Amino acid sequence: IKLLRDVVDLAASGVALVTETNVPHRDNVAYFGDGYDEAHLVYNFALPPLVLHAFYRGDASLLSEWARSLEPPSDRTAFLNILDTHDGIGLMGVRGILPAEEIAFVVERAREGGALISGRRNGDETEEPYELNTTWWSALNRADAGESLDFQVRRFLASRSIALALKGVPGIYIHGALGTPSDLAAAQASGEKRDVNRGVVDARQVMADLWDQDSKLSLLLRYGSHPIQVRRQERAFHPRGGQRVLALAPQLFCLWRTTPEGDDAVLAITNVTAETVPVEIPVAALGVAGRRWKNLLSDREWAPEGPLWTLHLKPYGVVWLRPRAPSS
């Protein structure tokens, strides 16, 4: 990788090297080298199982604790923040971060929802779960849950908002974008568990679904395209911008993102539960007391008074709040 980096820097300086290594997080980040001599981007394989754990438990505490330590070694590097890949949801990245019993909980919860589990043999001939073979949609939404499609879409997009807001570069797998359910029949036919998440995309069916305003894909487009557009426009989400993880409530994942210049900020909050959650935002401690706040995802505005501002987040609600001067 060092050799490839030297060649790329000399011959094609606009090219970025990306490493895809499904190994424990401490080993994964080693592919950054010293921040200047190896990969520009590293797949953030610890993120998907941590996000699943947060939504399964309804508690983002362990996700938040890990995210506080997430910092690339230089401003030339960044994490590629993915939630799913063509292989499924790897578990190796989270070893040493989630306790063994919590990994087992995630595996069992996913299995109950229909996920297949791939294992790997250790040196002592024991076997441990290696990855969850499922689409991201099916990992979060059980087919037999009896929930409305709108509710499932909102939970799905709430989980994806975390990868969009987290410091780094987001990457979205095609079946994650389309909300594809697991194709268990394909895996049974081929004998390859990973085929549950490798279906051929039928462009004609995609277009038909988009024309149907009540379809899953139409709802995903209606609710999910705007956050992507906002993220592209907001410099506070730049990979070289600042990030603080705030502990406002266990049910919430909260990021205070700032521009590389430090002249603007966005408070990104995701409710990982099916309940309405009140949250007290410490506007004075953030240095933005007396500001107006605008939710970039809905254009709603507030003018809170005092050092704390109480906001109520709906089930699986997401807000990206920008403070601004009262006159702006």
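The side chain of Arg95 comes to 2.6 Å from the backbone oxygen of Pro129, a polar contact in the sense of a pair of N or O atoms within 3.5 Å, where within protein one must be able to donate a hydrogen and the other to accept it, and where residues adjacent in sequence count only if both atoms are side-chain atoms. The model is predicted, so to speak of local features pLDDT of at least 70 is needed, side-chain atom pairs count only at pLDDT 80 or more, and totals for chains, interfaces and linings use all residues. Residues are numbered from 1 along each chain as its sequence is written, and side-chain values use heavy atoms, with hydrogens and water left out. Arg95 sits in the loop that joins strand E4 (89–90) to H5; helices (H or I, at least four residues) and strands (E, at least two) are DSSP runs numbered from the N terminus. Leaving aside residues up to four places away in sequence, Arg95 touches Pro24, Arg26, Ile103, Glu128 and Pro129, with contact meaning heavy atoms within 4.5 Å.

Helix H5 also takes part in a helix pair. The axes of helix H3 (residues 47–57) and helix H5 (residues 100–112) come within 10 Å and cross at roughly 75°; axes are lines fitted to C-alpha atoms, for helices over the stretch in contact, and angles run from 0 to 180 degrees between N-to-C directions. H3 is therefore roughly perpendicular to H5, the term for angles of 65 to 115 degrees, while those under 35 count as roughly parallel, those over 145 as roughly antiparallel and the rest as oblique. On the H3 side the contact involves Pro49, Leu52, His53, Tyr56 and Arg57, and on the H5 side Glu102, Phe105, Val106, Arg109 and Ala110. By class, this contact has six nonpolar, one polar and three charged residues (Ala, Val, Leu, Ile, Met, Phe, Trp, Tyr, Cys and Pro count as nonpolar, Asp, Glu, Lys and Arg as charged, and the others, Gly among them, as polar).

On a 1 Å grid over the protein atoms alone, a cavity is a set of points where a 1.4 Å probe fits but cannot get out, a pocket is an open set with protein on both sides within 12 Å along at least five of seven lines, and lining residues have an atom within 4 Å of a point. The largest pocket has a volume of about 960 Å³, a volume being the space filled by probe spheres set on the points, which are joined across faces, edges and corners. Its lining has 37 residues, with Arg154, Tyr223, Pro227, Leu297 and Val318 nearest the centre. H11 gives the largest share, ten residues. The lining divides into 23 nonpolar, ten polar and four charged residues.

The second largest pocket, of about 250 Å³, is lined by 14 residues, and Leu178, Thr180, Gln205, Val206 and Asp209 lie nearest its centre. H10 supplies the largest share of this lining, three residues.

Three cavities of 30 Å³ or more are counted. The largest cavity, at about 40 Å³, is lined by Asn81, Arg160, Ala163, Leu164, Pro170, Gly171 and Ile172.
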